[in-house]
Structures are given as structure tokens and as C-alpha cells.
Amino acid sequence: MSEVLDILSWILLVSGAVFCVIGGIGVLRLPEFYARTHAASMGDTLGAGLILIGLMLQAGPTLVL
């Protein structure tokens with residue numbers, strides 16, 4: 001089961017990084033201000049969310065109540 005969590009977390013981490021890079025490229029390449037802000041907000045938000053979920057899977061249940 002540990003290997004499955006590792007593979008899933010790495011898939012989420014890599015896909016989040018890809019979305020962040022695509023958002024950064026969109027900021028550099030798109031011509032208008034509103035198109036650039038849309039690329040930055042949508043791509044980077046999804047990328048950051050995927051990275052955080054992947055990191056949570058890597059950390060495991062570390063919260064002690």
C-alpha cells in the first residue's frame with residue numbers, strides 16, 4: 001500500500017509542477033492583461049492544489065489529536 005501512495009503522490013506532484021510551468025508560460029506569452037491574469041490564476045491555483053495534495057500524501061497521517 002505504501003508504494004501505491006508514493007506513486008500517486010509523485011503523479012500529483014509532477015502534474016502540479018507541470019500546471020505551474022504552463023501557467024508561467026501563459027503569463028509570459030499571452031498578449032492581454034486579463035488573459036495573463038487568467039492564466040496565472042487558473043493554472044497556478046490548480047498546480048499549487050495538486051502539489052499540496054501530493055505533499056499531504058507523502059507526509060501521511062502525522063497529525064496527532
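Ser9 is buried, with a relative accessible area of 0%; buried means under 20% relative accessible area, exposed over 50%, and partly exposed in between (1.4 Å probe, protein chains only). This is a predicted model, in which local features need pLDDT of at least 70 and side-chain atom pairs count only at pLDDT 80 or more, while totals for chains, interfaces and linings use all residues. Residues are numbered from 1 along each chain as its sequence is written, and side-chain values use heavy atoms, without hydrogens and water.

Ser9 lies in helix H1. Its side chain reaches the backbone oxygen of Asp6 at 2.9 Å. Beyond its neighbours within four places in sequence, Ser9 is in contact (heavy atoms within 4.5 Å) with Gly54, Leu57 and Gln58. The buried residues of H1, among them Ser9 and Leu12, pack against helix H2 (33–59).

The protein has 2 helices and 0 strands; helices (H or I, at least four residues) and strands (E, at least two) are DSSP runs, numbered from the N terminus. The 28 residues of H1 (residues 2–29) should span 40 Å at 1.5 Å a residue, and the end C-alpha atoms are 40 Å apart, which agrees. The expected span is 1.5 Å times one less than the number of residues.

Values for the protein follow.

| Property | Value |
|---|---|
| C-alpha box along the principal axes | roughly 45 × 25 × 10 Å |
| Buried share of the 65 residues | 17% |
| Share joining residues at least 24 apart, among contacts between residues at least 6 apart in sequence | 73% |

Terms used: A polar contact is a pair of N or O atoms within 3.5 Å; within protein, one must be able to donate a hydrogen and the other to accept it, and residues adjacent in sequence count only if both atoms are side-chain atoms.
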